[in-house]
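Me: I would like to learn how to read the features of a protein model step by step, starting with the fold and ending with single residues. Could you take me through one?

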Amino acid sequence: MKSSILMVLCTLALMASCKSKKQFVTNENNNSTQLVGTWKGEEKDEQIKGVTKSWEMTRKKDGTFKVEYTINEDGHVTKHSETGVWKTEGNLFYDTNDYSGGTDVYSYQLIDNDTVRFKAHNMSMPLENANYEFYDIRITK
């Protein structure tokens, strides 16, 4: 009996999380089709001094994303991946990752069809560099 109740509760929780994601991404015109595709980027000492981080980010038209990070801290390399949802409103880019549930907000500027500049606007976690910014370079559409 307990396992049946637990299974029902887990199913309801999963359905609720899927519904909230859908609500986040189904507002009309909230995703810039120019940002859909696979992108790469790299930054050094921007978020944390002594750390270089590179990534490959895939943003889908349905408002979901997956990002694969490679982090190098003083020669110690680790890999990390995240999934979540994204949207745009005006010149602001929002991404909410599934791991922490936190939403980061960046202003963004299309430099050309294959280059985007992001600048921290309102972050879910404090950064050492309040002027954090980075560029994404398109790999594929």
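Reply: What follows is a dialogue that goes from the strands to the aromatic rings and then to individual residues. Please keep in mind throughout that this is a predicted model.

Me: Let us begin with the fold: in what order do the strands close into a barrel, and is the pairing parallel or antiparallel?

Reply: The general idea is that strands of a sheet pair through backbone hydrogen bonds, in either a parallel or an antiparallel way. Here eight strands close into a barrel in the order 1-2-3-4-5-6-7-8, with antiparallel pairing. From one strand to the next, the twist averages 35 degrees.

Me: How many bridges join strand 5 and strand 6, and how many join strand 6 and strand 7?

Reply: Strand 5, which covers residues 92-97, pairs with strand 6 in the antiparallel sense over five bridges, and within that pairing Tyr94 stands opposite Val105 of strand 6. The hairpin of these two strands has five residues between them, and in this hairpin Gly101 takes a positive phi near 80 degrees. Strand 6 and strand 7 are antiparallel over seven bridges, with Tyr106 opposite Ala120 of strand 7, and their hairpin has two residues between the strands.

Me: And which residue in strand 8 is the bridge partner of Thr115?

Reply: That partner is Ile137, and the pairing to which these residues belong joins strand 7 (residues 115-122) to strand 8 (residues 133-140), antiparallel over five bridges.

Me: Now to the rings: how many aromatic pairs does the count give?

Reply: A pair of aromatic rings is described by two quantities, the distance of the centres and the angle of the planes. In this model the count comes to nine aromatic pairs. One of them joins Tyr106 and Phe134, whose ring centres are 5.4 Å apart and whose planes are at 85 degrees; since planes over 60 degrees apart count as edge-to-face, so does this pair. Tyr106 lies in strand 6 (residues 103-112) and Phe134 in strand 8, so the pair ties together parts that are 28 residues apart in sequence.

Me: Are Tyr106 and Phe134 buried or exposed?

Reply: The cut-off needed here is that buried means under 20% relative accessible area. Tyr106 is buried, at 6%, and Phe134 is buried as well, at 10%. Phe134 also pairs with Tyr132, where the centres are 5.5 Å apart and the planes at 40 degrees, so this pair is tilted. Tyr132 is buried too, with a relative accessible area of 3%.

Me: Which residues form one aromatic cluster?

Reply: The cluster is formed by Trp55, Trp86, Phe93, Tyr106, Tyr108, Phe118, Tyr132 and Phe134. A ring may also have a charge over its face, as with Tyr94, where Lys87 lies at 5.3 Å from the ring centre.

Terms used
Residues numbered from 1 in each chain as written. Predicted model: local features only at pLDDT ≥ 70, side-chain atom pairs only at ≥ 80, totals over all residues. Heavy atoms only, no water. Pairing = 2+ DSSP bridges. Helix = DSSP H or I, 4+ residues; strand = E, 2+ residues; numbered from the N terminus. Axes fitted to C-alpha atoms, helices over the stretch in contact; angles between N-to-C directions. Phe/Tyr/Trp six-rings, centres within 6.5 Å; stacked < 30°, edge-to-face > 60°. Buried < 20%, exposed > 50% of the residue type's maximum accessible area, 1.4 Å probe, protein only. Lys NZ or Arg CZ within 6 Å of the ring centre and 35° of its normal.
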